[in-house]
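Let's walk through a few features of this protein together. Have the sequence and the 3D view open as you read.

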Amino acid sequence: VLIYGMFLAAAFVFCRAQELAPGLYKRLWHLGSLFFLTVGCLLIFLEKTPEKMTVTMVDVGQGDCFFIQLPDGENILVDGGSSDEKQMGTYILTPFLKSRGVRRLDGVFLSHMDTDHVNGVQEMMGSVFWNGKDGSRVPGSIAVEALFMPGNVSSGGGHETLMALAGAMGTKCYGLWAGQTVD
């Protein structure tokens, strides 16, 4: 209602200004355009935090990916891979997170290390360094604060690459065992 009221008031002022003073009309038009452009940009780029917890199942093809947003601003990703989508981290996962205003994930939980659960996360974390010249975090990339993996992963798997990327990003890595809880 407020937005429609603003549009009606602006239309009325612009119509009356054109009748009364054509020079004033142009100035009002430019100021109004600048105002609406500024407000529109602010609404697009502000971080969006829900009032209640939301869980979104991200369509990644053959694989799993769940995004959880908490009212206190925490962002959690559970799995993030696909066996049939190529460059899933670049073309699906990262754009989805950015569309939600997410610049940082507080936790990424991996249920197991199969590629249909991990490869998008690995690609998303690796793209920070593919884009950076000196290995520093590129502005606009998604930071990962903590990475939670199964504690019973054997050596020689794809988790070693993921742990190396996490170490380079300064991401904390945790191994979880059955029955453990995370606050």
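## A nonpolar patch

Helix H2 (residues 22-45) gives the nonpolar patch its largest share, 3 residues; helices here are DSSP runs of H or I with at least four residues, numbered from the N terminus. This is a predicted model, where local features need pLDDT of at least 70, side-chain atom pairs count only at pLDDT 80 or more, and totals for chains, interfaces and linings use all residues. Residues are numbered from 1 along each chain as its sequence is written, and side-chain values use heavy atoms, with hydrogens and water left out.

The patch covers about 340 Å² and is made by Met-6, Phe-35, Val-39 and Leu-43. Areas come from the Shrake-Rupley method with a 1.4 Å probe, and only the protein chains shown count as cover.

Val-39 sits in helix H2. Its relative accessibility is 31%, so Val-39 counts as partly exposed (buried is under 20%, exposed over 50%, partly exposed in between).

Leu-97 belongs to helix H3 (residues 88-99). With a relative accessible area of 0%, Leu-97 is buried. Leu-97 and Asn-75 lie 22 residues apart in sequence, and their C-alpha atoms are 9.6 Å apart in space.

Methods
Patches are made of residues with over 30% relative accessible area and no salt bridge: like charges are joined within 9 Å, nonpolar side chains (Val, Leu, Ile, Met, Phe, Trp, Tyr) within 5 Å. A salt bridge is a side-chain nitrogen of Lys or Arg within 4 Å of a carboxyl oxygen of Asp or Glu. Helices (H or I, at least four residues) and strands (E, at least two) are DSSP runs, numbered from the N terminus. Buried means under 20% relative accessible area, exposed over 50%, partly exposed in between (1.4 Å probe, protein chains only).
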